[in-house]
2 protein chains.
Amino acid sequence: MENFIFHNPTKIIFGRGMENEVGKEVVKFSRKILLHYGGGSIKQTGLYDRVVTSLKNAGVEFWELGGVKPNPRLSLVREGIRICREQGIDFILAVGGGSTIDSAKAIALGVPYQGDVWDFYTWKAEPQTALPVGTILTIPAAGSESSPSSVITNEDGWYKKGFGSDLIYPKFSILNPELAFTLPKYQVACGASDIMAHLMERYFTPTANVELTDRLCEATLKTIINNVPTVLEEPDNYDAWAEIMWAGTVAHNELLNTGRLGDWASHQIEHELSGIYDVAHGAGLAVIFPAWIKYNYHHNIPLFAQYFTRVWNVDHSFSNPEQTILEGIKRLEAFYHRIGLPTTLAEINIPADRLEEMADKCTDYGRYKVGGFVKLNRDDVLKIYQLASK
Amino acid sequence: MENFIFHNPTKIIFGRGMENEVGKEVVKFSRKILLHYGGGSIKQTGLYDRVVTSLKNAGVEFWELGGVKPNPRLSLVREGIRICREQGIDFILAVGGGSTIDSAKAIALGVPYQGDVWDFYTWKAEPQTALPVGTILTIPAAGSESSPSSVITNEDGWYKKGFGSDLIYPKFSILNPELAFTLPKYQVACGASDIMAHLMERYFTPTANVELTDRLCEATLKTIINNVPTVLEEPDNYDAWAEIMWAGTVAHNELLNTGRLGDWASHQIEHELSGIYDVAHGAGLAVIFPAWIKYNYHHNIPLFAQYFTRVWNVDHSFSNPEQTILEGIKRLEAFYHRIGLPTTLAEINIPADRLEEMADKCTDYGRYKVGGFVKLNRDDVLKIYQLASK
C-alpha cells in the first residue's frame, strides 16, 4: 500500500425529498448564487420549481445559467464566470448530472482567477482558491458530486481535459434516488458504465498489497451489476436506485483509491472518442474497456483472474487462469449488451478512418504515455482503438 | 435504505513516518496544545520523541497529560479540562489508541462547557462546541480516530457510557502502520475483535435493501480476518498492518452504516462486563458476540446465512439455512480462539454470580431495551450473559 492522504469534506444529504432542504444548506454559504443546470429536463419534472421554492424560502437570490450539454463546453463556463463577476455571485449550485457539476466547478475555479480558466485544464496554472459549489444530483454516473475533479471540452479543437483539486470538492451534495426515475434507459446504462469504469480504473493498479480497497471496489461493482438491470425494468424502484446512486458516489469519492495508483488509460482513450464524435461517455467506455483489458491482461494475470472471479462469478480455472479472464471478458461484454450499450466502435457508427488521429491526440503525438497500470504509447493506444473497432 | 446524512471531515494522513508531519498539521489549528497519551509506551518506542521534535520544529507549545488507561476514566478527563482552562489551551493532541482518543474528545467537550462533562454522557446536556482534536493512532481497534464518538468510565459506580456528536470528529488523524509493530499479541487480537464487532453491529440491521453497505461491511470484515493472523505471526509485516489499520478506520467512520440502523446491543452488554471487571473491551466482545448471535439469529435467518456464507465462506445449505448459521458460529468462535481470545466468561475467570446485576445495569433495571436489530429487555440480556458463561 502506498502512503496517502484522504480528506473528503463533501456533506452527503441522501434520501427522498431531500432537494427541498437545498435552501437551508445554501444559506450557510451565500445568499447570492448561480443556479446552473442542463437542458431543461429539471423544469419538466418539477425539480426546478422545488429548488426555486426552497431557495426563495431561505432568502437566497439566484441568477440562472442553463444549457449545459454532455461533455460540458468551455464557452458556457466562460459565460458563467462572466455572470458571477458581474453580479458579485459567490456560490454555484449545480442541479443535474456530472456535466452540470463539472461545469459548475470550472466556473467556481474561474471566477476568482485573473487569467483564463482553461489554464488550469492545460497545466499552465494552479488555482489558489475557488468559489464553493453545492449540487443536487439527478444522474448517478460521473461521481462528480463528491469528487475533486472536473472535465471540460474546449470546442476550439475539441479538446476534452480533466482537472483535479481539493478546492473543488462540493460543500454539499443532495442525492435523492427518486430524481433518477425519469431518466431515459440509454442514459441509465451509460451512467452505470461510467461508474463501473471508475471502479475498474482504480482496480487495475500497479500497487501490490491493497486487499481492503480491492474488496471495497468489488463490493461496489457487484452492487452496480446487480441493480442496474432492475432499474431498467422498474424505473421507479427506489431501493435499487438508492443502491446505484450511493454506489456511484462511493465509486469516485477517493476512498476506493486510497493507497493505490489507478490506471485511467481507458478514460483518456475514451475522451478522444467523445471529444470528436460527441458519443456518450459511458457508451464510449463500454467500447474501450473490453479492448483495453484484452490488450493488457497479460501484465497481471492473477489480478484480472481475481477480478473476474470475485466480481463476475467466473468459476476460476486454477490450471489455466487465462481461461478465467477470457470467460470474464465475455460476461462483461454480455452485461454491456444486456443493458443496451455497444462494445464496438462499429455499433456506434464510428468508422476506422480517424483512429490514428485519436491515438495522436491521446498521447500528444507520441510525446506522452497514458495509464498507471500499464504505460501505453501512441502505438499501444492505436491498437486498442483497432481492437475496439471490431 | 433509510435517508441519511454522511459528513466525515477527518483528514487521514496514512503511511510510513507520517507522525513526523504532526507539527505541521497542529499549527493549522493552534500553537498551544495538550499532549495526551497513555501508559508511557510511546516513550519506550521513541514515538514520543518524534512527536515532540515535530511539535517544537513547528513552534507549538505543549502541556502533557499521560496516564490514560483502557476504559478511560472520568477523573483524568477532569484533570485534562482543568489544565486546558488554566493554561488557555485550545487543541488536544491524542497519541495512542481508542482510550486516549476518547479521553481527548471528552476533554475537548468539557473545556468550553460550564457544567460537568459527564452531563453529556448521561444525556443531561447537549454540547454547543468543542475544542479541536488531532490524533496519532497507535492501536487499530476502536475507530475513534475518525468517529464522532467517545466512551468514558465514571469510577464513581463504574458506569461506562458512550457519547456521540459531529463536534468531536478529529480534525486530522495520522495512521502509520509501523507504530503497531510493537503491540502485545493480546492487544492486537482485542483490537481485531473490536473492529469486527463494529462491522457486525452495523451488519445486523433491521433495515431492508442495503446491499452496498452489506457488501462494504463484508469486504472490510474479510480483510480483518485475512490479515490479523498474519501480523500475529509476523509483527513487523507492514502490508498486513496497513490493511488492518485502514480497515479499522473504515469500519467505524460512519460510511458503513449510511442508510441503515445498527444493533449495538453487544457493545452495551459488553460495557457492563468491562465496566465491572475491567476486562479488555475486545475480549469481552469475543465472549458476548457469539452468545448474542445464538440468542438472536432466528429473527432474520437469511441475513445471518448471508453473513456466514459471504464472510466466513460457509457452504450455504439451501435446504437448511440454520445449518449454515450454526457452522458459521463455530468458525467465528474458532477464529477468536485462533487469535488468542476467549469466547466464554469462564475463560476470563468471570463467575456467574453478578450476571443479574449486569443485566440490571445494562437495561437500567429493566427500564429500557438494548439493540436496534432486536430489542432486548432485561431478561433477554440476562440470558445472553448466561449463554456467554458456558
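B:Ser30 is located in the loop that connects helix H1 (22-26) with strand E3 (32-37) of chain B; helices (H or I, at least four residues) and strands (E, at least two) are DSSP runs, numbered from the N terminus. The model is a predicted one, in which local features need pLDDT of at least 70, side-chain atom pairs count only at pLDDT 80 or more, and totals for chains, interfaces and linings use all residues. Residues are numbered from 1 along each chain as its sequence is written, and chains are lettered from A and ligands numbered from 1 in the order in which they are written.

B:Ser30 counts as partly exposed because 19 C-beta neighbours lie inside 10 Å. A residue is termed buried if 20 or more other C-beta atoms lie within 10 Å of its own, exposed if 12 or fewer, and partly exposed in between, with C-beta atoms placed from the backbone. Leaving aside neighbours within four places in sequence, B:Ser30 is in contact with B:Asp90 and B:Phe91, where contact requires that the C-beta atoms, placed from the backbone, lie within 7 Å. Between the C-alpha atoms of B:Ser30 and B:Glu61, which are 31 residues apart along the chain, the separation is 9.0 Å.

Chain A is laid on chain B with an RMSD of 0.0 Å by a turn of 180 degrees and a shift of 0.0 Å along the axis. The two copies are therefore related as by a two-fold rotation axis. The superposition is by least squares on the C-alpha atoms of residues with pLDDT of at least 70 in both copies. A:Pro9 comes closest to the rotation axis of the residues of chain A, at 2.5 Å (C-alpha). Both copies use the same surface, and 100% of the contact residues of chain A recur in chain B.

The contact between the chains takes 33 residues from chain A and 33 residues from chain B. On the side of chain A that touches chain B, two or more residues are given by each of strand E1 (4-6), E2, helix H8 (211-233) and helix H9 (238-250) of chain A. H8(A) provides the largest share of that side, 10 residues. The side of chain A that touches chain B comprises 16 nonpolar, 9 polar and 8 charged residues. In this classification Ala, Val, Leu, Ile, Met, Phe, Trp, Tyr, Cys and Pro count as nonpolar, Asp, Glu, Lys and Arg as charged, and the others, Gly among them, as polar.

A:Glu211 belongs to helix H8 of chain A and touches B:Thr223, B:Asn226 and B:Glu243, not counting residues up to four places away in sequence. A:Glu211 is partly exposed, with 19 other C-beta atoms within 10 Å. The C-alpha atoms of A:Glu211 and A:Asn253 are separated by 18 Å, with the two residues 42 residues apart along the chain. Strand pairing also links the chains: E1(A) and strand E2 (residues 11-14) of chain B pair in the antiparallel sense over 3 bridges, pairing being assigned if DSSP finds at least two bridges between two strands. A:Phe4 stands opposite B:Phe14 in E2(B).

Within chain A, the domain assignment gives domain 1 (11-179) and domain 2 (183-389), with bounds that come from an automatic or database domain assignment. The C-alpha centres of the two domains of chain A lie 26 Å apart. Contacts between them involve 19 residues of domain 1 of chain A and 26 residues of domain 2 of chain A. Strand E2 (11-14) and strand E8 (159-164) of chain A each supply at least two residues of the side of domain 1 that touches domain 2. That side of domain 1 of chain A has 11 nonpolar, 5 polar and 3 charged residues.

In chain B, strand E7 (residues 149-154) and strand E8 (residues 159-164) run antiparallel and are joined by 6 bridges. B:Thr153 stands opposite B:Lys160 in E8(B). The two strands E7(B) and E8(B) form a hairpin with 4 residues between them, and B:Gly157 in the turn has a positive phi of about 105 degrees.

Most residues other than glycine have a negative phi. A:Trp158, in the loop between strand E7 (149-154) and E8 of chain A, has a positive phi near 50 degrees. A:Trp158 counts as partly exposed, with 15 C-beta neighbours inside 10 Å. B:Glu254 has a positive phi near 85 degrees and lies in the loop between helix H9 (238-250) and helix H10 (265-277) of chain B. With 20 C-beta neighbours inside 10 Å, B:Glu254 counts as buried.

Notes. Contact = placed C-beta atoms within 7 Å.
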